[in-house]
Structure formats: structure tokens, C-alpha cells
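Please look over the chain shown here before reading the notes that follow.

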Amino acid sequence: MSENQNLLAEQRRALILDEVRRRGGVRVNELTRRLNVSDMTVRRDLDALARQGVIEKVHGGAVPVVEASTHEPGFEAKSTLELTAKEDIARAAAAMAVPGSAIALSGGTTTYALAQHLLDVPDLTVVTNSVRVADVFHAAQRPGTPGARPGAATVVLTGGVRTPSDSLVGPVADQAIATLHFDVLFLGVHGISVEAGLSTPNLAEAETNRRFVQSARLVVVVADHTKWGTVGLSSFATLDRVSTFVTDAGLSDGAREEIEEHLPGLLVAGRDGAGEPAQG
């Protein structure tokens, strides 16, 4: 981690979290030296990360929280994590949407960020099982709403049973998706890895995502760097179904090399990636 007194709190905490996960733990005095900030600043950052449930404070430092493969955080909890990364990913992925095409957006906080950038792409037909994503488009079409866009995308919201992440899943959603065909699926994931492929802790969501993948010509995974190497309870697609993986500049060099070995397309967005395809 480079020393920078001017790092924003969000950026600093993202660096701390990445270091904790990479090394399996860090000490406060190490972080103060590497980030060139005070002991009190580091402790406040650790307190904030502990409240989010992503680290556990221990005497003199912090260790990562080891989540069970069945653990599924709610939408509000996930929406506070990796905010800058999600915005970078959303901006880069939105540039891949072709005006007039039929696209699908799965549930998740990254696809929710993406939906807000897709409002400027004309004549889209959007199919989603995310209540939050559908709300973005419906609000844009509502007359009198600040920033309303009368020509915003036509949206089809599947039915189904609501998950903690505000996605609709189950037989009703699966049946609706199976009858449709998409040019591109923008897919948020709980985890992506070489061994498990794409995975989620929710069994019903795994089946709904499987239907999404089967109905799409191209599959674009949108997920921040912390999702690489994470494995949920249920796998729903192998890596060979992924056309492009859009992630953020927090991705380590080792992870980047591993991804390039197994995926045909990697798009790294943000300060270092600048939304450009990685060079193999």
C-alpha cells in the first residue's frame, strides 16, 4: 500500500480491508506506517469496517471475518461496501450496452449502480429480477420526478419470492426468464473462482441465475475485486460461460494473471484500469 495522507476514508478502508484479506490479518502500527496516518485514524477505520461486519478487531489489529458459504448479507449491508469500485465498474459496463438491445440485469448492489448509468442508453428493453433495479427505471419514467427521462428503458420485472438482497427468485421467476432471450446479461455474483465458477449462498437464486445465463447470448459479470476467489454454497455457471468480467483496479496482479488464463475477456475499471481491457 502506498503512503498517502490525502486518501479519502473510503479509499483508505478499502486498502485496509484488502490487506486484511490478503494477509489474513494486520496490526495497527503497520497500518499507521503504510498509510502515513495517525493511530487514532486507523482505529476509527477498523471500527467502521467492524461495524460493516467485514473484519473482526483483535488486540492490536484486525483479522478477516470468515463467512459461511450459506451466509447472504442483505442489500443495505452490501450497499456500503466497495462504493468507488462499484461506481467504476458500473460506468465501464454501461458503455457495453448497445442502444435498442434486449438486456438482463440480475439482482445485486453492483447491478443497481449499473442501472443508474443505463438510463442514458436509448431504447433498451431490460429484464430484471431485482426490485431495486426496476425501481431505478420506473422512477426515471415517472413524470415530475427530478431527472426523469420519459424515454427510459422498457422494464420487465419477473415475479418470484424476495431474497435478502431484494432479488425475486423461485419457480415463477425461473419460468418467466426461460421464455426470453437476451443480447447481454449483466450479472452480479456473490463469488467467482476457477474451481467453483459463479456461485451464490442462496439455492433458489442459483437456479434463477442459471436460467438467466442460459437465456443470454453474452454474459458480462460485474463484480468488485473482493469477489474473486469467493465461493458460495451453490455454483450456477462455469467460467466458460462468461464473455467478459468487469471488475475494479483493486484486483491484485496475481488474480489478474489467473483470470486472464481462464476468461476470454477482462475489463479493469477505475484509476489504474481506466475502463480498458487488460492486456494478456
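Two strands are taken to pair if DSSP finds at least two bridges between them, and helices (H or I, at least four residues) and strands (E, at least two) are DSSP runs numbered from the N terminus. This is a predicted model, in which local features need pLDDT of at least 70 and side-chain atom pairs count only at pLDDT 80 or more, while totals for chains, interfaces and linings use all residues. Residues are numbered from 1 along each chain as its sequence is written, and side-chain values use heavy atoms, with hydrogens and water left out.

**An open sheet and the helix across it**

- Strand E10 and strand E11 (residues 197–200) run antiparallel and are joined by 3 bridges, and Gly-191 has Ser-199 in E11 as its bridge partner.
- These strands belong to an open sheet of 3 strands, ordered E10-E11-E13 with antiparallel pairing.
- Its edge strands, E10 (191–193) and E13 (234–237), each pair on one side only, and neighbouring strands of this sheet are turned by 35° against each other on average, direction ignored.
- Helix H9 (residues 203–214) lies across E11 and E13 and runs at about 10° to E13, where axes are lines fitted to C-alpha atoms, for helices over the stretch in contact (heavy atoms within 4.5 Å), and angles run from 0 to 180 degrees between N-to-C directions.

**An aromatic pair**

- Rings of Phe, Tyr and Trp (its six-membered ring) pair if their centres lie within 6.5 Å, and planes under 30 degrees apart count as stacked, over 60 as edge-to-face and the rest as tilted; by this rule there are 2 aromatic pairs.
- The ring centres of Phe-182 and Phe-212 are 6.0 Å apart and their planes stand at 45°, so this pair is tilted.
- The pair links distant parts of the chain, with Phe-182 in strand E9 (residues 182–187) and Phe-212 in helix H9, 30 residues apart.
- Phe-182 counts as buried at 4% relative accessibility, as does Phe-212 at 0%, where buried means under 20% relative accessible area, exposed over 50% and partly exposed in between (1.4 Å probe, protein chains only).

- In helix H2 (residues 28–35), the buried residues are Val-28, Glu-30, Leu-31, Thr-32 and Leu-35, and their cover includes helix H1 (9–23), strand E1 (26–27), helix H3 (39–51) and strand E3 (61–64).
- Asn-36, in the loop between H2 and H3, takes a positive phi of about 60° just after H2 and is partly exposed, with a relative accessible area of 35%.
- Asp-123 also has a positive phi of about 60° although it is not a glycine; Asp-123 lies in the loop between helix H6 (109–118) and strand E5 (125–128) and counts as exposed at 61% relative accessibility.
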